[in-house]
Amino acid sequence: MMSKKYIFKKINNQIIGKVDDYIERNRQKNILFNDFILKISPLGEMFIVGGVIRDISINKTPNDIDLIIDTPKNNLKPLLDIYEHSLNRFGGYRFKLNKMTIDLWPMQDHWIFKKNPLKHSMINISKGALL
């Protein structure tokens with residue numbers, strides 16, 4: 001009999017693979033999205049959170065992609081100058097990249113850290129969001 005820990009890890013790895021595939025497919029189809037990812041990636045470690053993970057795991061097309069990036073807010077200024085954006089309802093930035101919507105938060109501005117006295121870290125993201 002397989003342990004629950006092994007089964008969870010296997011399922012988690014399958015979901016991560018599906019999310020990676022989804023991101024790569026969309027980077028190939030959407031030049032603006034690909035350009036955005038290329039520009040934001042060097043700014044800090046990024047974490048995919050929220051409904052996109054759930055949707056992909058049940059083979060549903062996500063409405064948007066929620067990202068948290070471990071970088072100070074002022075490092076995002078070049079992106080804000082290049083890409084059309086607005087503030088989303090949770091205080092992050094919403095980018096419309098052709099048919100792709102990205103909601104982005106600098107880690108220190110994500111609601112989980114604003115509402116809780118938690119250290120800014122990936123492990124603490126899991127206390128309020130997924131993956």
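Analyst: In this predicted model, a strand is a DSSP run of E with at least two residues, and strands are numbered from the N terminus. Aspartate 103 lies in one such run, strand 5.

User: Why is aspartate 103 called buried?

Analyst: Buried means under 20% relative accessible area, and aspartate 103 has a relative accessible area of 3%, so the residue is buried.

User: Leaving aside neighbours within four places in sequence, which residues is aspartate 103 in contact with?

Analyst: With those neighbours left aside, aspartate 103 is in contact with Asp64, Ile65, Asp66, Leu67, Asn88, Tyr93 and Arg94. Two of these, Asp64 and Arg94, are also linked with Asp103 in a network of salt bridges.

User: How do you know that strand 2 pairs with strand 1 in the antiparallel sense?

Analyst: Pairing needs at least two bridges found by DSSP, and strand 1 (residues 46–49) and strand 2 have 4 bridges in the antiparallel sense. As one example, leucine 67 in strand 2 is the bridge partner of isoleucine 48. Strand 2 is also joined to strand 5 (residues 100–106) by 5 bridges, and these two run parallel; here isoleucine 65 has isoleucine 102 in strand 5 as its bridge partner.

User: What makes strand 2 mostly covered?

Analyst: In strand 2 (residues 65–69), 5 of its 5 residues are buried. Both faces are covered, with Ile65, Leu67 and Ile69 buried on one side and Asp66 and Ile68 buried on the other. Isoleucine 65 also belongs to the residues with the most contacts inside the largest nonpolar core, which has 24 residues and in which Phe33 and Ile102 are likewise among those with the most contacts. The elements that give two or more residues to this core include helix 1 (4–29), helix 2 (31–40), strand 2 and strand 5. Beyond its neighbours within four places in sequence, isoleucine 65 is in contact with residues including Tyr22, Phe33, Val52 and Ile102.

User: Why is the pair of lysine 39 and aspartate 35 called a salt bridge?

Analyst: The cut-off is 4 Å between a side-chain nitrogen of Lys or Arg and a carboxyl oxygen of Asp or Glu, and the closest N and O atoms of lysine 39 and aspartate 35 are 2.8 Å apart. Because they are 4 residues apart in helix 2, the two are separated by about one helical turn. Lysine 39, at a relative accessible area of 34%, is partly exposed, and aspartate 35, at 25%, also counts as partly exposed. A search of the whole structure finds 6 salt bridges.

User: Why does aspartate 81 count as exposed?

Analyst: Exposed means over 50% relative accessible area, and aspartate 81 is at 56%, so aspartate 81 counts as exposed. Its salt-bridge partner, lysine 77, with closest N and O atoms 3.1 Å apart, is at 48% and therefore counts as partly exposed.

User: Why does aspartate 55 count as buried?

Analyst: The limit for buried is under 20%, and aspartate 55 is at 4% relative accessibility, so aspartate 55 counts as buried. Arginine 54, which forms a salt bridge with aspartate 55, counts as partly exposed at 48% relative accessibility.

Notes
Residues numbered from 1 in each chain as written. Predicted model: local features only at pLDDT ≥ 70, side-chain atom pairs only at ≥ 80, totals over all residues. Heavy atoms only, no water. Buried < 20%, exposed > 50% of the residue type's maximum accessible area, 1.4 Å probe, protein only. Contact = heavy atoms within 4.5 Å. Core = buried A, V, L, I, M, F, W, Y, C linked by side-chain atoms within 4.5 Å.
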